[in-house]
Amino acid sequence: MLSLLFLLFILWLCWKMGVALWRVLIFLIGVGLAFALLSSVVLPLLAICALGGLAWAVISNA
């Protein structure tokens, strides 16, 4: 609900500043796509780092 209110505020602010609505929507869609693509790359790397840290902790305590 808060994100929807934030989105409405952003749209209202851009409307008051004179930015075209289609430009705002294209920007938001682009940010969403970039987040989806980057998260599909970053999350597996974080998982690999976590497994490496766990393996290092087990090996160093053995």
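Reply: The model is a predicted one, and the description below should be read accordingly. Leu-21 counts as partly exposed because its relative accessibility is 42%, a value that falls between the 20% limit for buried residues and the 50% limit for exposed ones. Along the chain, Leu-21 and Leu-11 are 10 residues apart, and their C-alpha atoms are separated by 7.4 Å.

Leu-21 also belongs to a nonpolar patch on the surface. The other members of this patch are Met-1, Leu-2, Leu-4, Leu-5, Leu-7, Leu-8, Leu-25, Phe-27, Leu-28 and Val-31, and together with Leu-21 they have about 1100 Å² of accessible area. Two helices contribute to the patch: helix 1, spanning 2–17, and helix 2, spanning 21–61, each supply at least two of its residues.

The arrangement of the two helices may be described next. Helix 1 and helix 2 pack at an angle of about 140 degrees, and their axes lie 9 Å apart. Helix 1 is therefore oblique to helix 2, as an angle must be over 145 degrees to count as roughly antiparallel. The crossing in which helix 1 passes helix 2 is right-handed.

Further along helix 2 lies Leu-43. Leu-43 has a relative accessible area of 53% and is therefore exposed. Between the C-alpha atoms of Leu-43 and Gly-18 the separation is 38 Å, with the two residues 25 positions apart along the chain.

Conventions. Residues numbered from 1 in each chain as written. Predicted model: local features only at pLDDT ≥ 70, side-chain atom pairs only at ≥ 80, totals over all residues. Heavy atoms only, no water. Patch = residues over 30% accessible without salt bridge, like charges linked within 9 Å, V, L, I, M, F, W, Y side chains within 5 Å. Areas by Shrake-Rupley, 256 points an atom, 1.4 Å probe, with all protein chains shown as cover. Salt bridge = Lys/Arg side-chain N within 4 Å of Asp/Glu carboxyl O. Helix = DSSP H or I, 4+ residues; strand = E, 2+ residues; numbered from the N terminus. Axes fitted to C-alpha atoms, helices over the stretch in contact; angles between N-to-C directions. Parallel < 35°, antiparallel > 145°, perpendicular 65-115°, else oblique. Left-handed = near helix turned anticlockwise from the far one by under 90°. Buried < 20%, exposed > 50% of the residue type's maximum accessible area, 1.4 Å probe, protein only.
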